[in-house]
Number of protein chains: 2
Amino acid sequence: MTALQTLLRGSGSASVRAAVVASRVSRPHAASRRCFSVSPRALSSFYPNWEPNGPTVKTEIPGPKSRDIIADLDKVVDTRSLNMLTDYTKSSGNYIADPDGNVLLDVYAQIASIPLGYNNPVLRKAAATDDMISGIINRPAIGNFPPHDWAETLRSGILKAAPKGLNQVFTAMAGSDANETAYKAAFMWRRQRDRGGPDVDFTPEELSSAMENKAPGSAPLSILSFRTGFHGRLFGTLSTTRSKPIHKIDIPAFDWPQATFPQLKYPLDQHAAENAAAEQAALQEVDHLIATHPQPVCAVVVEPVQSEGGDNHASPAFFRGLRELTKQRGVLLIVDEVQTGVGATGRFWAHEHWDLPSPPDMVTFSKKAQAAGYYYADPALRPNKPYRQFNTWMGDPVRALLFRAIVDEVERLDLVRHTAKVGEYLYGRLEELAKRYPGEFQNLRGKGMGTFIAFDNPRRDEFLRKAKTLGLNIGGCGESAVRLRPMLVFEEKHADILVEVMEKIVKSW
Amino acid sequence: MTALQTLLRGSGSASVRAAVVASRVSRPHAASRRCFSVSPRALSSFYPNWEPNGPTVKTEIPGPKSRDIIADLDKVVDTRSLNMLTDYTKSSGNYIADPDGNVLLDVYAQIASIPLGYNNPVLRKAAATDDMISGIINRPAIGNFPPHDWAETLRSGILKAAPKGLNQVFTAMAGSDANETAYKAAFMWRRQRDRGGPDVDFTPEELSSAMENKAPGSAPLSILSFRTGFHGRLFGTLSTTRSKPIHKIDIPAFDWPQATFPQLKYPLDQHAAENAAAEQAALQEVDHLIATHPQPVCAVVVEPVQSEGGDNHASPAFFRGLRELTKQRGVLLIVDEVQTGVGATGRFWAHEHWDLPSPPDMVTFSKKAQAAGYYYADPALRPNKPYRQFNTWMGDPVRALLFRAIVDEVERLDLVRHTAKVGEYLYGRLEELAKRYPGEFQNLRGKGMGTFIAFDNPRRDEFLRKAKTLGLNIGGCGESAVRLRPMLVFEEKHADILVEVMEKIVKSW
């Protein structure tokens, strides 16, 4: 136990807690750092009386209460991936709470999936409406029995947020099946094209071999993905996921191709030529694989920023090249915006940063959208017969309604622009830190990408653990990256606390 | 348009509608049929003022309002699998409503996924609680940040309902990923066993080959399923789904084995020896495939009743044989209770009918449970390291809470026993029908299986369409089966209406 934890242990009353927080995180720097102040902007700018004015650490994490509960929980579910037992009733805004009275600034946000803070008052109202209650208790099989106002629900929510150029959607449950159904759409599209159009029927041989899981009915086709990419953990998506062996080992996989994702060097302005060459080489590899892979490539799937795989970025030029190349090769481009979508990069969709001449063929979404699925536009992406792309629930009206409320609130509070601005501020502060502690904040990346920022730390896992003891919940990705995934209600004052805690961590070593 | 529709069209007022309904469905038979009466038991026995006392058909289905809405909806989603546009605000109990004022008795129930009727008043209360609202707006990444009361939520709901002998759960989103994650558990379990236990680490070759989707890391192992079975439509589950080519064609699949599901002949008592031989042959085929398939079989997955594939039954003796055989061969038995679970067969889990000497290794669930996942007991089914079986959300607290409310209500109203009893009554009435119209109600099956009843009809699709015009929403499966999937609040009086309408259909031909 650290001295700080000992000090904090037992400081139960609100006033003591506030004093401890203030002395620990805020006060010492309020005078010394230009942009760092707590008092005048202590509370959320967005909702009154929503958030605490800083983190509170009262015990080790997990503390004694949490440890008891976790031991009990472990009897019925595997808890080895448990990061922090959470009391959601006590969490608010950017702060996550646990049963021991610890309240942490949360820049991990349920693996980047909470958009507007815990216990958001506007979402709370949306969750209590009759529409929402009906969505819970009358769950429809949307493909067979859609609600009479489903078009309206989609147009005012999921489709209101649709990427430019894409005006249709297939709804799913989560990121993994959003991607899998997009892959299925790609396979059906490709075979339809090869057969000579939607009116050409299946052959008897195709029909019978499909039932045997054999070619030609079970099509020997592929999806091309990138090394260190992550697209989910179901069997199809896992075959395109190339993040870590622990995600893949022992699970059967399709023999699909992978291309190298450009490995950019930082700072970018010092490695411009090298990086451009790496991106060019990656595009050539994609082109070569499409031309030569024995299982024809129907689609390329790519994340705007490879998130789980280490927050790996590429330039807009790379993605424009990928769009051009896939068009030339007659291959679909699926942009996986499961983690990058819904504002965190300072654009609603990260691929808006690329200035593409024509939109991606499909864009998949989940996480912060709460709803999930894939957007598309080309009518040829609707299979030639019904029930080919189908399942019982086909998404979830509860989350479609919630996404509508999220989209409205993002718009009302101008949260995408806000995030771009806060991200710029945060990036600037991190640049200062990286100058002072270059070994601890390596390869700082995400400039101009809102709060979607990361850096490498040689003792990353220790860094993450230490952060908790100082009131910060923060995540990692890849081998050595610390990834920042704050919510859209993250403000400059939160950035100050974040930077402060990170400096404390590296100073303590 | 039928004469009946013409008659009904425009009969908008409640009293006129009630009179029409009464004259059309109830009165003519109240005197002539022993168990058929409407008036004294017209309303739900379970909740006051909940249901209409019969169906109302006012227009063609889809009617003019629905047609306009569907045309508009089709601009943004593929509507070719649309069965009936639904107004859930006007649906109640066993009755589903549309925007044209049509109200149908629903024995399809969102593809067997509504347990307690539309707008159930007790579930409505559960959906408005603070817990539920928190589950909506504070959606957790359960594997990393479980709610502090998650063990309590599970024990009072999902685990309270656990099959005998299974005391642990991995939660998922829907049936398809419940099955896929169960398959993943099976693969990891098998490789762990083959390696020599959980403490034997992966080899460098396994780790590197897994990243290339190659053996040995991407294990060349298989799941054995049955012909005409259905387990989902994601890539892994689709490889075990053998229902229809339209579900599978053009989608890459794993080269996994399938065994023949016994093709029982009806009536069972007239084909006892033949059927026993068919079951024995199927078991021998399973045994042979396990012994010889080039990709070692890690698990056998089976539905208690093959539902999507045609409502194909097998005897308890067959399933006991399968349990024994898989045990002997060191292969897991996964029972897919996605459609059969939660009461409709007159037991909470259909496999309770089998009287197994030892439980299945895993039981998967979804649909009526609203929550989804797989139950298990053996600690060896927890992979040897964390993050091997993991994803962002790992289920949905909203549906876990709803399942808790469902389980409580099923218990309070004794709905499993109720369904067994109503099923017996319904089966008896169908036997009478089948005697009178043997060509129209062929292979009646599901005796003693609650309301989980089906029969074959030579003009099945027309049968289903015609049913709508007479106030009945009913589903098909397989090539020619009509499947009955009523809710657990289906009563004898609903059975009377159902039988009445079905007789009208076949009489009209």
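**Notes on a predicted two-chain model**

1. Let's start with how the two chains meet. Of the interface residues of chain A, 100% are also interface residues in chain B, so the copies meet through the same surface. Keep in mind as you look around that this is a predicted model.

2. How far can you trust the prediction? Chain A has a mean pLDDT of 92, and 92% of its residues reach 70 or more. The stretch to be careful with is residues 1-41 of chain A, where the pLDDT is below 50. That stretch still has 63 contacts in the model beyond near neighbours in sequence. For the complex, the predictor gives an ipTM of 0.92 and a pTM of 0.92.

3. Now for the symmetry. Two copies of a chain are related by a rotation about an axis and a shift along it. Here, chain A is superposed on chain B by a rotation of 180° with 0.0 Å of shift along the axis, and the RMSD is 0.0 Å. The two copies are therefore related as by a two-fold rotation axis. If you want to find that axis on screen, go to A:Phe235: in chain A, its C-alpha is the nearest to the axis, at 2.8 Å.

4. Back to the interface, this time with numbers. Chain A puts 120 residues into the contact and chain B puts in 121 residues. The area buried between the two chains is about 10900 Å², and carbon and sulfur atoms give 58% of that.

5. What about polar links across the interface? There are 74 residue pairs in polar contact between chain A and chain B, counting pairs with both residues at pLDDT 80 or more. Which element of chain A gives the most to the side that touches chain B? Helix H8 (residues 175-195) does, with 8 residues. By residue type, the side of chain A that touches chain B divides into 60 nonpolar, 29 polar and 31 charged.

6. Side chains of opposite charge can pair when their charged atoms come close. Over all chains, the structure holds 72 salt bridges, and the count between chain A and chain B is 14. One to look up is A:Asp255 with B:Lys214, whose side chains meet in a salt bridge at 3.0 Å, N to O.

7. Here is another salt bridge to look at: the side chains of A:Asp250 and B:Arg195 meet at 2.6 Å, N to O. The pair crosses between chains. On one end, A:Asp250 sits in the loop between helix H11 (245-248) and strand S5 (258-259) of chain A; on the other, B:Arg195 belongs to helix H8 (residues 175-195) of chain B.

8. Finally, check a few backbone details. A cis peptide bond joins A:Ala215 and A:Pro216, with omega about 5°. You'll find A:Pro216 in the loop between helix H9 (204-211) and strand S4 (222-226) of chain A. In chain B, a cis peptide bond joins B:Tyr266 and B:Pro267, with omega about -10°. B:Pro267 is in the loop between strand S5 (258-259) and helix H12 (272-292) of chain B. B:Gln110 is part of helix H4 (residues 109-112) of chain B.

Methods
Residues are numbered from 1 along each chain as its sequence is written. Chains are lettered from A and ligands numbered from 1 in the order in which they are written. Side-chain values use heavy atoms; hydrogens and water are left out. Contact means heavy atoms within 4.5 Å. Buried area is the accessible area (1.4 Å probe) that two parts lose on being put together, summed over both. A salt bridge is a side-chain nitrogen of Lys or Arg within 4 Å of a carboxyl oxygen of Asp or Glu. A polar contact is a pair of N or O atoms within 3.5 Å; within protein, one must be able to donate a hydrogen and the other to accept it, and residues adjacent in sequence count only if both atoms are side-chain atoms. Helices (H or I, at least four residues) and strands (E, at least two) are DSSP runs, numbered from the N terminus. Ala, Val, Leu, Ile, Met, Phe, Trp, Tyr, Cys and Pro count as nonpolar, Asp, Glu, Lys and Arg as charged, and the others, Gly among them, as polar. Copies are superposed by least squares on the C-alpha atoms of residues with pLDDT of at least 70 in both. pLDDT is the predictor's confidence in each residue, from 0 to 100.
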